[in-house]
Structures are given as C-alpha cells and as structure tokens.
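Please brief me on this structure.

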Amino acid sequence: MSDRWRVAHTEGASVATLFENLSWLPRAPADFKERCRAIEAHECPGRELRALATHALDAPQLGRLAAALTRLKAAGRSLAPLTPFKLGVLGYGTLDLIVPALIGTALRHGIALECVTTPYGLFAQYAYDPTSLINQAGCDAVLLALDVRALPLHSTATNVQEAQNIATKAADFVDSLRTSLRAHAGTTCIVQTLAALPETLFGSADRRIPAGARYLVDACNRELLARLDNTDVVLDVAGLAETVGLARWHSPAQWNLAKLPFADVYVPLYADHVGRLLGAMRGKARRCLVLDLDNTLWGGVIGDDGIEGIAIAEGDPVGEAFRSVQRLTLALHERGVILAVSSKNDDAVARRAFRDHPEMLLREHHLTVFQANWNDKATNIKAISEELSLGLDALVFVDDNPVERGLVRRLLPDVAIPELPTDPAYYARTLAAAGYFESIAFSSEDRQRSAFYTTNAQRVALKKRVGDVQAYLDSLDMEITFAPFDEQGRSRIVQLINKSNQFNLTTRRYTEAQVASLERDPNSFTLQVRLTDTFGDNGMISVVICRAIDPGTWSVDTWLMSCRVLGRTVEQMVLREVILEARERGISRLIGQYIPSDRNELVRDHYRNLGFSPASGEDLWLFDTADPEPRETMKVRRQRHIVGA
Amino acid sequence: MQSADAVYDQLNAILRDLLDDDALVLAPDTTAKDVDGWDSMTNVQLMLSVEKTFGLHLSAARIAAFRNVGDLVAYIVENA
C-alpha cells in the first residue's frame with residue numbers, strides 16, 4: 001500500500017475544521033483581493049465572481065465579493081451567467097455580518113443575490129405591515145432567520161400538554177410571520193429550525209421531561225416542520241449546529257457583545273447552506289457525480305495491485321474508508337444522482353472490479369458512463385457532459401489526485417471538485433459536507449431520474465481535446481530529479497520493480513540483493529527518478545536500468561513509471577536523461593524492448609511514441625543517440641553518478 | 001510575546017482589510033472616531049479578528065476598557 005499514501009502533500013483539506021473552514025473548497029488565491037478590485041476590468045465579471053467565490057473564504061473576503069458585485073450592478077454591467085435573486089432577510093439579532101456573506105456566497109451557487117433587510121429588531125413589524133419594504137420589494141424569497149432567543153420558549157411546563165402548548169404558541173408566531181409574508185409579498189419563506197442552547201437545566205432529563213429546554217426545542221422544531229407546505233423551504237440550522245457542536249455554534253460572548261445569533265466563525269458555513277438552497281430553488285444543484293477509481297473508490301491501483309490487491313473489504317480499516325465512499329455514492333444514485341466514471345486505467349481491468357470483485361458495492365448497472373482510458377480527464381469529463389446533455393455546472397468530479405483536480409479545475413472551471421483530506425476515511429464526509437446535491441424536496445420522480453439515463457456503463461468516444469494541457473503542466477512548476485540507484489532509494493526501487501505492472505516495459509522482477517549489486521555494476525546504468533510539483537513531492541515515480549551489452553550499446557532492461565504521473569512528459573524527460581548520459585559515455589545506440597504481459601498494454605507503443613525505430617523480431621526498438629533528444633519540459637536536478645567506483 | 005511593532009503591523013493589516021483602505025496607519029492614540037468607516041460593527045469585527053489572530057479571548061469588559069489603539073496593542077503584547 002505504500003506509494004499511494006506517500007504523497008508528501010500536506011495542503012489536504014483539514015479534517016478537524018472541515019465545516020468551519022469549508023475545507024472542500026480550495027484555498028483562496030494569493031491575488032484574491034486584487035482580482036476583486038479589478039472586477040470591472042474583467043470581460044465576463046459574472047464568471048469571474050463565481051470563480052472567486054468558489055474558494056474557502058472568510059467573512060471579510062465574502063464581504064469583498066459582495067462589494068465587487070455591488071459595484072458591477074451600479075455600473076450596469078451584465079452579470080451573466082449568474083441568476084438574479086432577491087432575498088428578504090428577517091432575523092433576530094445582528095445580521096450585519098451575515099448579509100454580505102450571503103451575497104458573496106450566493107455567487108458560488110450561481111446566484112447574483114440582492115438582500116432586503118429590516119432595521120434591527122423590527123422583523124415582526126416588517127412581516128406584518130403590508131406596506132413595509134420587505135413586503136413591497138418583490139422578494140423571490142424571505143429568510144426567516146429566527147433562533148431560540150427570538151421565541152417564547154421559556155418552559156414552565158409540568159406536563160406534556162403544557163409543553164406542547166408552549167411549542168405550539170412559538171410555532172404559531174413563526175407561522176403568522178410566514179403567512180403574512182406570503183399574503184403580502186406572495187413569496188416563498190425559508191424557515192429555520194432552532195438550535196438548542198448548550199446549557200441544560202436538568203442534565204440528560206432536559207430532552208425527556210416537559211420542563212426541559214431541549215424537550216421544548218424538539219417539540220417546537222417538529223411543530224415548525226409540520227406546518228410547512230410544499231412551497232416553503234427549510235434551512236436546518238438545528239442540524240448544522242449539531243454537526244459542528246452546540247457549544248461551538250452558540251457564543252455567549254458574541255451574543256452579548258454584538259447580538260450575533262451564532263459564532264462568527266460559522267458565518268461562511270451558514271451562508272453556504274443558504275446559498276445551496278437558493279441554488280436548488282433556481283435549479284442549480286448538481287446532478288451527476290463523476291468518480292475517479294484508484295484510491296478514490298477503492299484503495300490501491302488496480303492495474304498494478306490486481307483485482308485481489310485493491311482495498312475494499314469490510315473489516316479492513318483501509319477498505320472501510322472506500323466502502324464509505326461507495327455507500328454514499330450508491331445512496332446518491334438511489335436518490336437520483338447520475339453516476340459516471342473517469343479513470344486513467346485500462347477499460348477491461350477497471351471494469352473487472354465492478355463485475356468480479358465480491359465486495360464492491362457499486363456495479364456497472366449503477367453507472368451511466370464509464371471512461372477508463374489514458375487520456376486527460378478534462379477531455380473525458382467534457383465528453384461525459386455532452387453524452388448526458390448536462391451542463392458542466394451540473395457535474396461534480398471526485399479524485400484523490402490534486403494534479404488531476406487542478407487540471408480539470410483549470411480547463412473546466414464550472415465542474416465542482418472537492419478538495420479531499422489526506423485520510424480517505426474522511427472522503428465520504430467531505431463529499432457529503434460539500435452539499436453539491438442540495439434538494440428542497442424529494443419525489444418519486446427524483447428517484448427515477450437516473451433511470452431516464454440508461455445505466456449501461458457505456459464508453460463514450462472522445463472528441464476534441466479540451467483546452468491547453470501543456471499550459472497547466474507548465475504552471476505546476478515540476479522538478480525532476482535523476483540519481484543512480486543507491487542505498488537510500490533501494491527499498492523503494494525494489495518495491496517499484498516488483499509491483500509495477502502497467503507502465504512497465506519488461507516486467508522483470510529483481511530481489512533486493514540484485515538491485516544492491518546494480519549500485520556498483522560498471523556495466524549498468526541506472527536511474528531512480530523523483531518528481532515534485534506545486535502540490536508537493538510525488539516521491540520516486542520512475543526506475544530505469546540499462547545494461548551495456550555490446551560496445552557502444554545499451555539495452556534498456558527495465559523502464560517503469562507510476563501511472564500517477566502519466567501524461568506529464570516524465571517519460572520524455574527520462575529518455576532525454578538516458579540519451580544525454582549515453583552520449584557522455586560513448587554509447588551510440590539504445591535498444592528498447594517491450595515484453596507484453598496481461599497488464600502492460602498501456603506501453604505497447606511506448607518506444608514508437610518516443611521516436612525509436614522498430615527492429616526485427618522480439619518487439620525490439622532502436623534509437624541512435626546522435627538523433628535529437630526530447631526537449632526539456634521541466635526543471636532538472638541531477639545527483640552524481642558514481643559508476644564502477 | 002510579540003513586539004508592539006509586530007502587533008501594529010498585524011492590526012494595520014486587519015483594519016485595512018476590513019475598511020478596504022490600504023493607506024490606513026494606526027497610531028497609539030488612534031480611536032475609532034478618528035478613522036472613516038470604523039463604526040461599531042467594524043469594531044466588533046476587529047475584536048473578533050484580534051481574538052482569532054492572536055489566539056486570545058477579549059471579554060466585553062476588557063473591550064469596553066480600551067481607550068485607544070495603544071491600549072489594545074499593550075493588552076495584546078502582554079497576553080498573546
């Protein structure tokens with residue numbers, strides 16, 4: 001299981017502060033402030049605002065976005081492709097921190113939000129008065145941001161009936177606001193559930209006895225929900241507060257200081273939940289989940305580890321993490337989310353897991369499109385979107401590899417792509433926390449929606465390549481390090497030699513002792529190759545062994561590479577290094593060999609693609625080192641070769 | 001313990017961000033009414049940012065006792 005967990009990348013989403021920091025979103029770019037300031041100069045400012053909003057932003061940053069939106073509106077600029085939405089916000093306490101965050105966050109969900117508020121403390125008057133601003137503004141919806149403090153929920157009840165009366169009275173009050181807003185403004189209401197305060201009177205009995213505060217809050221929440229009809233929308237603040245912890249949600253100091261209805265650190269989270277609802281009300285919730293396979297849907301690399309080597313078993317702690325991802329995916333499928341696969345894999349090998357692995361929860365019949373090939377994922381995801389006739393903004397793409405995420409984000413910015421923590425145990429939680437599939441209602445039609453799409457795991461032909469992959473690779477700031485075999489690298493070299501199957505030209509296996517002897521073999525030339533990029537250290541990703549067979553000739557005995565770095569011109573750089581070293585040593589000819597196995601179809605044309613010419617028989621390929629070497633596509637570091645020392 | 005200069009740098013950065021004014025420079029005797037836009041909500045946001053940035057809690061009584069920026073800086077230097 002080693003190299004897959006080796007990525008030294010530590011920028012992964014933080015698990016402890018997942019909700020507080022919206023860790024499924026990438027960090028804000030360093031030039032965030034400048035881009036906000038320069039918004040007027042952008043040719044498509046609506047798109048730019050949405051792109052900026054699709055980061056983990058704090059309240060001041062969200063306020064900055066809100067201000068940028070206000071300036072654009074004042075200048076009469078088009079906000080396409082954003083959808084306008086006018087939201088009345090009625091609430092108890094100070095909403096000044098919340099409103100700019102709502103506006104900044106709504107952009108993330110494709111909404112250009114305008115908020116209509118009331119003066120502090122006047123929410124009830126504004127709801128009841130038919131001539132009030134809220135009722136006259138033509139709101140598309142009104143958010144009733146009430147919490148426990150706003151309602152008469154002080155329990156004096158000694159029996160169930162009394163408690164029920166108190167709960168009913170509180171719910172009646174909310175209901176009167178709701179019906180009044182509907183009558184006067186003709187608008188949908190977003191009604192919040194109530195988060196209980198963490199302070200209890202009786203302890204555990206608070207939940208059980210009618211005099212308990214939790215008992216009353218539970219009763220009131222039930223009442224509130226029971227009165228809503230299909231046109232109303234619920235914002236489950238109670239659920240949100242439970243998720244992060246009531247004691248963290250409610251800050252007595254901040255309530256006293258500024259009447260903040262909940263702790264300021266949760267303003268971005270609260271705003272995102274409102275934004276999801278607004279997006280869902282305007283049909284902008286995502287509809288299709290595109291999944292990577294290796295180390296996303298199961299542990300391990302199926303092409304190298306084999307079907308029996310992947311981690312997906314119940315009872316295996318690594319396997320359980322990936323089972324959680326499959327379980328969530330399956331549940332989403334059952335509620336109507338369309339599933340697709342985009343994986344760098346051999347199609348037949350990848351499908352075998354779905355057909356033959358007894359512990360897999362997902363099967364081919366759950367999947368609508370199945371793209372397992374070696375082409376870039378942006379092109380594949382575009383093809384999936386076209387096949388399903390869904391916009392890219394309806395797609396979510398989940399991949400453990402930050403480089404793949406970065407590529408798709410850059411070339412297809414409308415696709416939602418969660419950042420993932422380093423521990424796969426938290427993949428499912430992170431995907432669920434991102435709330436991509438927010439739904440304001442659930443009907444049997446929703447359940448059947450995915451059945452409208454044939455689920456036959458079809459393979460879609462690729463059309464034109466999407467965007468400029470090379471420009472993305474250039475932005476990765478890759479640095480490749482070449483070194484001869486040595487003691488420090490030995491165990492990893494042995495491991496790669498003995499487990500790499502896919503990108504492996506000859507599949508020759510060597511023992512640790514054999515590898516050690518190569519370190520001092522004057523007739524061999526060896527390379528261990530490492531790669532770093534802006535996302536971190538990929539570790540050792542390629543190994544080459546050349547043997548001098550005739551004077552002036554090297555035979556490439558072994559050439560293997562981790563598929564994780566496929567499509568990043570690593571093989572060209574390795575050949576370049578081999579050619580440069582060969583010339584140094586007076587080697588004029590390289591002989592490459594491809595020995596087919598049942599796993600290495602991927603590299604059948606490896607030597608042809610690199611400009612070798614076919615020689616007679618046995619899949620041999622020749623390269624004259626006087627011919628030009630591949631161009632340098634990344635920074636190179638060399639550690640000294642001590643051959644035959 | 002942080003130097004007063006370092007604290008001023010960070011406070012300048014926080015308040016510049018809150019007020020979107022890159023020219024703002026705080027002095028020991030600066031008070032809210034000396035600065036355009038520094039209203040009560042800005043003050044709340046500043047206090048919350050100070051708590052987060054310096055890892056301390058400011059009670060309501062403590063906040064009420066700050067007469068100017070100099071008092072705030074002195075408290076941070078002492079307690080952060």
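A polar contact of 2.6 Å joins the side chains of Thr193(A) and Asp236(A) in this predicted model. A polar contact is a pair of N or O atoms within 3.5 Å; within protein, one must be able to donate a hydrogen and the other to accept it, and residues adjacent in sequence count only if both atoms are side-chain atoms. The side chain of Thr193(A) also reaches the backbone nitrogen of Val237(A), at 3.0 Å.

**Around Thr193(A)**

- Thr193(A) lies in the loop between β4 (188-192) and α8 (213-227) of chain A. Helices (H or I, at least four residues) and strands (E, at least two) are DSSP runs, numbered from the N terminus.
- Is Thr193(A) buried or exposed? Thr193(A) is buried, with a relative accessible area of 5%. Buried means under 20% relative accessible area, exposed over 50%, and partly exposed in between (1.4 Å probe, protein chains only).
- Leaving out residues up to four places away in sequence, Thr193(A) touches several residues, including Asn221(A), Leu225(A) and Gly239(A). Contact means heavy atoms within 4.5 Å.

**Strand β10 of chain A**

- β10(A) runs antiparallel to β11 (residues 524-533), joined by 5 bridges. Two strands pair if DSSP finds at least two bridges between them.
- β10(A) runs parallel to β17 (residues 635-638), joined by 4 bridges.
- Thr481(A) has Arg530(A) as its bridge partner in β11(A), and stands opposite Arg637(A) in β17(A).

**Chain A as a whole**

- Chain A has 24 helices and 17 strands.
- Its C-alpha trace spans about 95 × 55 × 50 Å along the principal axes.
- Of the 645 residues of chain A, 57% count as buried.
- Take the contacts in chain A with a separation of 6 or more: residues 24 or more positions apart account for 75% of them.

**Where chains A and B meet**

- 14 residues of chain A are in contact with 11 residues of chain B.
- The area buried between the chains is about 1,100 Å², with 63% from carbon and sulfur atoms. Buried area is the accessible area (1.4 Å probe) that two parts lose on being put together, summed over both.
- The rule finds 6 salt bridges across this interface. A salt bridge is a side-chain nitrogen of Lys or Arg within 4 Å of a carboxyl oxygen of Asp or Glu.
- Arg37(A) and Asp20(B) form a salt bridge through their side chains (2.9 Å, N to O).
- On chain A, α1 (32-37), α3 (59-74) and α11 (252-258) each supply at least two residues of the side that touches chain B. The largest share, 4 residues, comes from α11(A).

**Helix α4 of chain B**

- At the start of α4(B), a side-chain oxygen of Asn68(B) comes to within 3.1 Å of the backbone nitrogen of Gly70(B).

**Reading the numbers**

- Residues are numbered from 1 along each chain as its sequence is written, and chains are lettered from A and ligands numbered from 1 in the order in which they are written.
- In this predicted model, local features need pLDDT of at least 70, side-chain atom pairs count only at pLDDT 80 or more, and totals for chains, interfaces and linings use all residues, while side-chain values use heavy atoms, with hydrogens and water left out.
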